[in-house]
Amino acid sequence: MTLISRGVWTGLAGLLIAAGGAWLLVQTVPEMQTARAMVEIDSTPTPLQVFAPLVRRGAAPIATSTPTATLTPSPTPASTPSPTPTATPTAPPAGSSRSLRFYGNGVNAPGKDRVEIRIDGPARPADVGADDFTLEFWMKAVLSENNNGHVCGTASDDWINGHIVVDRDIYGNGDYGDYGISLASGRIAFGVHNGSSGFTLCGTTNVADGQWHHIAVQRRRSDGYLWLFVDGQLQAQADGPNGDISYRDGRGGAPKDPFLVLGAEKHDAGAAYPSYRGFMDELRLSNVLRYFGNFTRPSGPFVPDASTVALYHFDEAGGATITDSSGAVGGPSSGMMQVGGNPSGPVRSTDTPW
């Protein structure tokens, strides 16, 4: 998404000021404090305050009914190289199987209740988008904790209006692009923007049903084609915006631009852009298209292969570090838990997909 092009929000978290011919970003919220270690085990949902959505400049209007999903014809398989085989999962060491539990604090706890993964300064392998990529993870949530009323639509950056699960935004009109994933009325929304145009894919089933679900999204660099799978079933595909959507190395911008953020809207732009409330486990980023049709969802943790550029099991016993287990050249792309809010999150949980 391109944050400036997505509207004007009240109760501003930041002002953009023209002074002396230069653009200054004036923060109105304190910088994030240093993350602290958490070892609390939690799996019990608690109520979430729901905010009424605002409308950003250039953002798609809030839909009032669920759109009918339409799958566009699949690309000709013969013109697409065969995917690298999915890594064979193996069981984690006894007692180490954990997930992360987010509480959706969002702007009520700016900079907190999230995981931040630095992708630039220096450049790291988790910065996908210059080539083909697949991003996949497990999630468990309930609709009552992720229901701000927004219904997914395909227009441009519509995904930003849902409860944000993965945010790789840049602030303002980007020279490259960005992408993100959210929950919109319980359905997955996956959006891509190339700096000048955007498109959002919409899932077709409610995944906020209190069960674990495997989510996989893909993008092909050559033509911008997008895929969205839920539990191994193709739910949406379309020809999206073309071009490089990675984070340009050395790019200047807002403080949180060079991060991939899990569980929250990275800029704390306002209550109109709520954060995710639920569990996440086993996040993998690959620099290939992993899937070309329906598949059996994974039955255990991934083992890294040559196409794995970042892999997070979330199995640490404590501490704030989220370890990248990919072994990718130029890595690791490890992340940091930024803990806070009420309830304080994220916390480690023994509730996992297996």
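## Aromatic contacts, core and sheet

Trp138 counts as buried, at 2% relative accessibility, where buried means under 20% relative accessible area, exposed over 50% and partly exposed in between, with a 1.4 Å probe and protein chains only. The model is predicted, so that local features need pLDDT of at least 70 and side-chain atom pairs count only at pLDDT 80 or more, while totals for chains, interfaces and linings use all residues. Residues are numbered from 1 along each chain as its sequence is written, and side-chain values use heavy atoms, with hydrogens and water left out.

A search of the whole structure finds 9 aromatic pairs; rings of Phe, Tyr and Trp (its six-membered ring) pair if their centres lie within 6.5 Å, with planes under 30 degrees apart counted as stacked, over 60 as edge-to-face and the rest as tilted. The rings of Trp138 and Trp354 have centres 5.4 Å apart and planes at 85 degrees, so this pair is edge-to-face. Because Trp138 belongs to strand 5 and Trp354 to the segment after strand 18 (347-349), the pair ties together parts that are 216 residues apart in sequence; strands here are DSSP runs (E, at least two residues), numbered from the N terminus. Trp354, at 32% relative accessibility, counts as partly exposed. For Tyr291 and Phe295 the ring centres are 3.7 Å apart and the planes at 10 degrees, so the pair is stacked. Both of these residues are buried, and together with Phe229 they form one aromatic cluster.

Two charged side chains lie over the face of Phe279: Arg101 at 5.1 Å from the ring centre, and Lys140 at 5.7 Å from the ring centre. The criterion is that NZ of Lys or CZ of Arg is within 6 Å of the ring centre and within 35 degrees of the ring normal.

The largest nonpolar core has 46 residues, of which Leu135, Phe137, Tyr179, Phe190 and Leu285 touch the most other members. Strand 5 (residues 133-140) gives this core its largest share, 4 residues. Such a core is a set of buried Ala, Val, Leu, Ile, Met, Phe, Trp, Tyr and Cys residues joined through side-chain atoms within 4.5 Å. Beyond its neighbours within four places in sequence, Phe137 is in contact (heavy atoms within 4.5 Å) with residues including Val165, Ile181, His213, Met280 and Glu282.

Glu282, found in strand 14, is buried with a relative accessible area of 1%, and has a positive phi of about 50 degrees although it is not a glycine. Asp268 likewise has a positive phi, near 50 degrees, but is found in the loop between strand 13 (259-262) and strand 14 (277-286).

An open sheet of 8 strands runs in the order 9-8-7-6-13-4-17-16 with antiparallel pairing, and its edge strands, strand 9 (198-202) and strand 16, each pair on one side only. Two strands pair if DSSP finds at least two bridges between them. Some of the pairings are listed below.

| Strand | Partner | Pairing |
|---|---|---|
| Strand 4 (residues 114-118) | Strand 17 (residues 335-338) | Antiparallel, 4 bridges |
| Strand 16 (residues 321-322) | Strand 17 | Antiparallel, 2 bridges |
| Strand 7 (residues 178-184) | Strand 8 (residues 187-193) | Antiparallel, 7 bridges |

Within strand 17, Gly335 stands opposite Ile117, and Met336 stands opposite Thr321.

A cis peptide bond joins Gly121 and Pro122, with omega about 5 degrees; Pro122 is found in the loop between strand 4 and strand 5.
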